[in-house]
Amino acid sequence: MHDLVIRNGRVVDGTGAAARIADVAIDNGVITAVGEVADAGTREIDATGHIVTPGWVDIHTHYDGQVSWDPVMAPSSQHGVTSVVMGNCGVGFAPVRPDAHEFLIELMEGVEDIPGSALVEGISWDWESFPEYLDALEAMPRTIDVGAQIPHAAVRAYVLGERAHEYDVTPDEIAQMVEITRQGLDAGAFGFSTSRTFLHTSKHGHVPGTYSTPDEVIAIGEAVRDSGHALFQYVSDDQGQGGDEPWLETLNAMGCPTTYTLAQTPADPTAFRTALAAAVSATAAGSPMTPQVAVRPTGMLYGLQSSFHPFIAHPSYRAIRDLPLAERAAKLRDPEFRAALLDEDPFTKDRFAKYMATNWSQMYRLGDPPDYEPPVEASAGAIAKQEGRHPGEVVLDWLVEDNGEAFMFSPLGNYHENNHDVIREMLDHDVTIPGASDGGAHCGLICDASFPTYLLTHWARDRSRGPKLPLERVVQLQTSKTADAYGLKDRGRIEVGKLADINVIDFENLHLHAPKMVHDLPAGGRRLLQDVDGYRYTIKSGQVTFEDGKPTGARPGGVLRSGR
């Protein structure tokens with residue numbers, strides 16, 4: 001008798017092979033049979049009419065703080081994710097000196113829009129070194145497996161203290177950073193991460209490491225390469241435009257595996273193809289380079305509950321911003337108040353914020369069900385032109401819908417042609433993997449932890465404005481492709497001997513709801529969540545962790561250690 005048998009499901013096994021009707025048997029947390037299973041199971045799941053897939057492997061998240069207090073690991077776990085990698089983009093919470101907790105919290109709050117009050121109340125700080133951080137996380141059973149990377153900002157803060165933002169460092173200080181990196185890698189870190197983008201700032205300025213010199217980065221890259229099991233992860237403003245980081249060619253030449261976030265930029269809409277070609281060349285030469293691609297435009301959700309909307313910096317709005325939501329919505333319906341608001345300019349010196357607040361052609365009503373591939377004629381700018389109104393009037397109408405709880409969608413990248421064709425081109429490329437869901441982060445402005453679900457609903461089933469992707473390809477992208485990129489060879493496939501991380505999904509009725517704002521983080525902190533229907537069962541290491549979207553209380557997940 002088997003521990004668990006899933007019967008009569010349409011198995012999409014994560015390899016890209018054609019789907020087939022089969023049973024799956026599980027014993028001691030491992031898949032022991034795929035096909036026709038004669039023996040009964042202690043528990044059996046009837047998957048007739050459903051698809052059976054590996055659990056999703058999400059390699060770009062920011063649960064570095066949440067992982068210390070939350071065993072459920074929502075929202076990713078609610079979307080069929082069974083394994084995550086965190087510590088991306090150079091920010092995280094280890095190593096840390098006892099007097100530097102606040103500094104790292106401020107960095108995470110600024111870069112990843114996670115409420116600082118929640119981090120202050122929620123994080124246990126039962127560690128100082130990175131190895132101690134992994135050990136501390138092992139004390140809590142959870143619904144999913146978590147792996148971590150070593151964040152550049154934390155390493156610099158540990159070594160340099162108050163000079164963390166400075167770049168005139170000594171050879172001895174670089175050597176200390178390298179030794180910390182080696183210790184973290186020896187303890188099981190999946191890589192080292194850094195940020196090189198102007199978008200990542202805190203009240204102290206750009207993230208420490210943003211402008212680190214090549215000698216510092218290359219020395220750390222050598223430690224990553226020497227580990228034999230890790231990647232160098234970075235996020236950069238260069239998107240194939242020819243301004244490559246000065247150290248990247250050296251990392252490639254010395255065989256250090258790299259992974260980074262790739263998107264189409266309006267500044268050079270075809271440059272991503274140059275980046276893809278470079279990744280192909282580097283990989284063929286023995287230095288794996290893996291671009292991570294968002295499965296829909298990385299889109300900001302503007303709303304009266306969000307961290308940003310087009311009128312948030314207007315003087316008239318600032319005067320009412322502390323009113324209850326319903327009262328603010330009522331004011332925005334008032335003709336006199338609206339007229340005054342529309343006559344003002346945003347009161348900010350931040351040119352990027354001004355651009356976002358007035359880029360009417362890239363603002364859309366999100367709706368319910370949410371539309372992440374709206375046509376250009378649905379933009380606020382286009383509707384205003386059709387109706388002879390100011391675009392701001394259209395936006396105000398959208399902001400006050402649902403008593404002020406509605407959201408707008410503003411694509412930041414990958415939407416230059418106002419469709420998803422470029423995203424499809426990148427997703428279907430041999431060297432790319434899905435990334436940038438940022439699960440656990442951007443709590444007040446972005447809600448992309450649902451990326452794995454969107455891959456299924458949009459790309460394999462619902463897309464109408466262009467070609468879809470085959471279901472088998474979509475499942476492969478978020479399972480074996482992501483798992484293999486980070487060396488997780490024991491999962492990502494429904495095969496005998498693999499870890500029994502599995503989703504049973506009512507594919508025809510899989511449905512993403514509109515995002516909503518909740519206040520369920522420590523200290524009442526807010527975050528955007530996106531509910532989903534259709535995940536019948538999520539199974540982690542052979543145990544059912546979610547049933548019809550509800551946690552069962554089973555917590556078989558733990559801490560992953562790369563290279564072990």
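**Close-up views of a predicted model**

D402 lies in helix α15 (residues 401–404); helices (H or I, at least four residues) and strands (E, at least two) are DSSP runs, numbered from the N terminus. This is a predicted model, in which local features need pLDDT of at least 70 and side-chain atom pairs count only at pLDDT 80 or more, while totals for chains, interfaces and linings use all residues. Residues are numbered from 1 along each chain as its sequence is written, and side-chain values use heavy atoms, with hydrogens and water left out.

View 1. Most residues other than glycine have a negative phi, and most peptide bonds are trans. D402 has a positive phi near 55°. Because its relative accessibility is 57%, D402 counts as exposed; exposed means over 50% relative accessible area, buried under 20%, and partly exposed in between (1.4 Å probe, protein chains only). N414 also has a positive phi, near 65°, and is placed in the loop between β18 and α16 (421–427). At 2% relative accessibility, N414 counts as buried.

**View 2. Two cis peptide bonds.** A94 and P95 are joined by a cis peptide bond with omega about 0°. P95 is in the loop between β7 and α1. A cis bond also leads from D368 to P369, with omega near 10°. P369 sits in the loop between β17 (364–365) and α13.

**View 3. The open sheet β6-β7-β8.** Three strands form an open sheet in this order, with parallel pairing; two strands pair if DSSP finds at least two bridges between them. The edge strands, each pairing on one side only, are β6 (56–58) and β8 (145–148). Neighbouring strands are turned by 15° against each other on average, direction ignored. Axes are lines fitted to C-alpha atoms, for helices over the stretch in contact, and angles run from 0 to 180 degrees between N-to-C directions. Strand β7 (residues 81–86) is joined to β6 by three bridges, and W56 has V81 as its bridge partner in β7.

**View 4. Strand β16 and its partner β18.** From β16 (residues 299–302), G299 and L301 point one way and M300 and Y302 the other way, and all are buried. In a regular strand the side chains alternate between the two faces of the sheet. Four bridges pair β16 with β18 (residues 408–411) in the antiparallel sense. The partner of Y302 in β18 is M408.

**View 5. Packing of α13 and α14.** Helices α13 (residues 380–387) and α14 (residues 391–399) pack at an angle of about 115°, their axes 8 Å apart. The contact (heavy atoms within 4.5 Å) involves A380, G381, I383 and A384 of α13, and P391, V394, V395 and W398 of α14.

**View 6. Helix α1 and its cover.** Helix α1 (residues 101–112) has twelve residues and reaches 16 Å from its first C-alpha to its last. Its buried residues are F103, L104, I105, E106, L107, M108, V111 and E112. Among the elements covering them are α2 (116–122), α4 (152–160) and β11 (201–202). D113 follows α1 and has a positive phi, near 55°.

**View 7. Surroundings of G444.** G444 is in the loop between β19 (433–434) and α17 (451–462). At 1% relative accessibility, G444 counts as buried. Leaving aside neighbours within four places in sequence, G444 is in contact with D113, S306, S307, M517, R526 and L528. G444 and V518 are 74 residues apart along the chain, and their C-alpha atoms are separated by 9.9 Å.

Notes
The expected span of a helix is 1.5 Å times one less than its number of residues.
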